[in-house]
Amino acid sequence: MTNKSLILIVEDEEAISNFISTILTSNDYHIITTKSGKEAVLLATSHVPDLILLDLGLPDIDGIEVLKNLRQWSSIPIIVVSARAYEIEKVEALDLGADDYITKPFGTSELLARIRNALRHSQGNDNSRSGSQVFTVGELKIDYEKRIVKIGEKEIHFTPIEYKIIMLLSKHVGKVLTHAFIMKEIWGPYTNENQTLRVNMANIRRKLETNPAEPKYIFTEVGVGYRMAEKVIL
Ligand code: CA
């Protein structure tokens, strides 16, 4: 890799910061680290990293405040690092413009996959933005122009709302979309269609997945939202 990406690690727990640093440097990323939220904002301004890993529980200012500050002037991809069972915090971060989140404790491959995905999105290299009119993952094929969805050679029929939801998830493949974001995109800003969304998603899964209880294409992020898989092992 000739053009190494620079990643800013904002994490006050030394063990975790060291763990992340080691993984990233051994995978050819450049890193800068800080334990402080205030310094994170300064470093983001001075170094303009390609990606920021942001712990939400910081000693000086809250990670959410750092995120708000950064999003006022920057679209640098931000992956929030959060403790388990803090779903509300994750949802808030995503709705404030975080690109993704990762839950502690996490493993090496998960961290690297999330980083690659966020970098790819920010560089506009994903499947959906390459100008292609056809989206594919695993056996799933969506032809945006003809509005046809297929699994293998078999065409699957969806209601207009179901189709809109699938299209939305595929346009953001690999990224978790919050319930609020999906509802706003599909039904507009003034509705609360949480229950309807759930019903639609159940119907989509029934049509799409071989085993809806173990989905391969659309994952539930408990308490947060849904994510379309980037890769499917067939
Ligand atoms: Ca912390």
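1. Gly57 counts as partly exposed, at 46% relative accessibility. Here buried means under 20% relative accessible area, exposed over 50%, and partly exposed in between (1.4 Å probe, protein chains only). By that scale Asp12 is also partly exposed, at 26%. Both residues will come back in point 3.

2. A word on the ground rules before you dig in. This is a predicted model, in which local features need pLDDT of at least 70 and side-chain atom pairs count only at pLDDT 80 or more, while totals for chains, interfaces and linings use all residues. Residues are numbered from 1 along each chain as its sequence is written, and side-chain values use heavy atoms, with hydrogens and water left out.

3. For the overall picture, the chain has eight helices and 12 strands. These are DSSP runs numbered from the N terminus: helices are H or I of at least four residues, strands E of at least two. The radius of gyration is 19 Å, close to the 17 Å that the globule rule gives for 234 residues, so the chain is as compact as a globular protein of that length. That radius is taken over C-alpha atoms, and the rule is 2.2 Å times the number of residues to the power 0.38. The C-alpha trace spans about 50 × 40 × 30 Å along its principal axes, and 47% of the 234 residues count as buried.

4. Two strands pair if DSSP finds at least two bridges between them; strand 1 (residues 6-10) and strand 3 (residues 51-55) have four, in the parallel sense. Within that pair, Val10 has Leu54 as its bridge partner.

5. The other sheet to look at is antiparallel: an open one of four strands in the order 6-7-8-9. Strand 6 (134-137) and strand 9 (154-156) have a single partner strand each, so one side of each is left without a neighbour in the sheet. Four bridges join strand 6 to strand 7, and Val137 stands opposite Leu140. The hairpin of these strands has two residues between them, and Gly138 takes a positive phi near 55° there. Strand 7 (residues 140-143) also pairs over four bridges with strand 8 (residues 148-151), where Ile148 is the partner of Asp143.

6. Where is Leu70 found? Its place is helix 3, and it is buried, with a relative accessible area of 2%. Leaving aside residues up to four places away in sequence, Leu70 touches Val41, Ala44, Ile52 and Ile78, where contact means heavy atoms within 4.5 Å.

7. Finally, a few backbone spots deserve a look. Lys104 and Pro105 are joined by a cis peptide bond, with omega about -5°; Pro105 lies in the loop between strand 5 and helix 5 (108-122). Asp28 is not a glycine, yet has a positive phi of about 70°. Its loop runs between helix 1 and strand 2, and Asp28 is partly exposed at 34% relative accessibility. Val48, likewise not a glycine, has a positive phi of about 40°. It sits in the loop between helix 2 (37-47) and strand 3, and counts as exposed at 52%.
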